Amino acid sequence: MDDAAPVDLFAALADDSRWQILVTLSRSPASASALAAELPITRQAIAKHLRVLEDVGLVSSAKAGRELRYEPVGARLSQVARQLDAIARGWDRRLDRIRSIAEDGRP
């Protein structure tokens, strides 16, 4: 879901288990069972974390036989990266102005 509130998105990313799942999925799509075999998290917990990640639009699922396979949503991750980059550029500009005032005495 692309309209997830930023607080929900960052809450999803802030959880260590969800972060591990997302990093693991970045290597290749996987089912909850495959993730449970690779990570120190139960399959039931992984399923709950995947729902959270899917609700904020960071992963998508597709039926593959009897399982759901999950993969990161690159467009959503890129959107988040662009938003963070814009915030960082704004702070960089502010810091440059502060540095200029401190060094030159003028804005």
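Glu38 and Arg27 form a salt bridge, with 3.3 Å between the closest N and O atoms. The term covers a side-chain nitrogen of Lys or Arg within 4 Å of a carboxyl oxygen of Asp or Glu. Glu38 belongs to helix 3 (residues 32–38) and Arg27 to helix 2 (residues 16–27), so the pair ties together parts that are 11 residues apart in sequence. Arg27 is exposed, at 56% relative accessible area. Exposed means over 50% relative accessible area, buried under 20%, and partly exposed in between (1.4 Å probe, protein chains only).

This is a predicted model: local features need pLDDT of at least 70, side-chain atom pairs count only at pLDDT 80 or more, and totals for chains, interfaces and linings use all residues. Residues are numbered from 1 along each chain as its sequence is written, and side-chain values use heavy atoms, with hydrogens and water left out.

## Overall architecture

The chain has five helices and three strands. Helices (H or I, at least four residues) and strands (E, at least two) are DSSP runs, numbered from the N terminus. Starting at the N terminus, the order is α-α-β-α-α-β-β-α. The chain is more spread out than a compact globule, because its radius of gyration is 19 Å, well over the 13 Å that the globule rule gives for 107 residues. That radius is taken over C-alpha atoms, and the rule is 2.2 Å times the number of residues to the power 0.38.

The C-alpha trace spans about 65 × 25 × 20 Å along its principal axes. Of the 107 residues, 27% count as buried.

How many salt bridges does a search of the whole structure find? The search finds three. Side chains of opposite charge can pair when their charged atoms come close.

Arg89 and Asp85 form one of them, at 2.3 Å from N to O. Both residues lie in helix 5 (residues 74–104), four residues apart, about one turn of the helix. Each end is partly exposed: Arg89 has a relative accessible area of 41%, and Asp85 has 39%.

Arg99 and Asp96 also meet in a salt bridge, with an N to O distance of 2.9 Å. This pair lies in helix 5 too, three residues apart, about one turn of the helix. Arg99 is partly exposed at 43% relative accessibility. Asp96 is partly exposed at 44%.

## Trp91 and the nonpolar patch

Which residues form a nonpolar patch on the surface? They are Phe10, Leu84, Ile87 and Trp91, with about 410 Å² of accessible area together. Patches are made of residues with over 30% relative accessible area and no salt bridge; like charges are joined within 9 Å, and nonpolar side chains (Val, Leu, Ile, Met, Phe, Trp, Tyr) within 5 Å. Areas come from the Shrake-Rupley method with a 1.4 Å probe; for residues, only the protein chains shown count as cover. Helix 5 gives the most to the patch, with three residues.

Trp91 is in helix 5. Its relative accessibility is 52%, so Trp91 counts as exposed. Arg94 lies over the face of the Trp91 ring, 5.0 Å from the ring centre. A charge sits over a ring if NZ of Lys or CZ of Arg is within 6 Å of the ring centre and within 35 degrees of the ring normal.

There are zero aromatic pairs in the structure. Rings of Phe, Tyr and Trp (its six-membered ring) pair if their centres lie within 6.5 Å; planes under 30 degrees apart count as stacked, over 60 as edge-to-face and the rest as tilted.

## Distances from Val7 to helix 5

Val7 lies in helix 1 (residues 6–14). Val7 is exposed, at 62% relative accessibility. Ala75, in helix 5, is also exposed, with a relative accessible area of 60%. The C-alpha atoms of Ala75 and Val7 are 19 Å apart, across 68 residues of chain.

Gly90 is 83 residues from Val7 in sequence and 20 Å away in space, C-alpha to C-alpha. Ala102 is another helix 5 residue, exposed at 67% relative accessibility.
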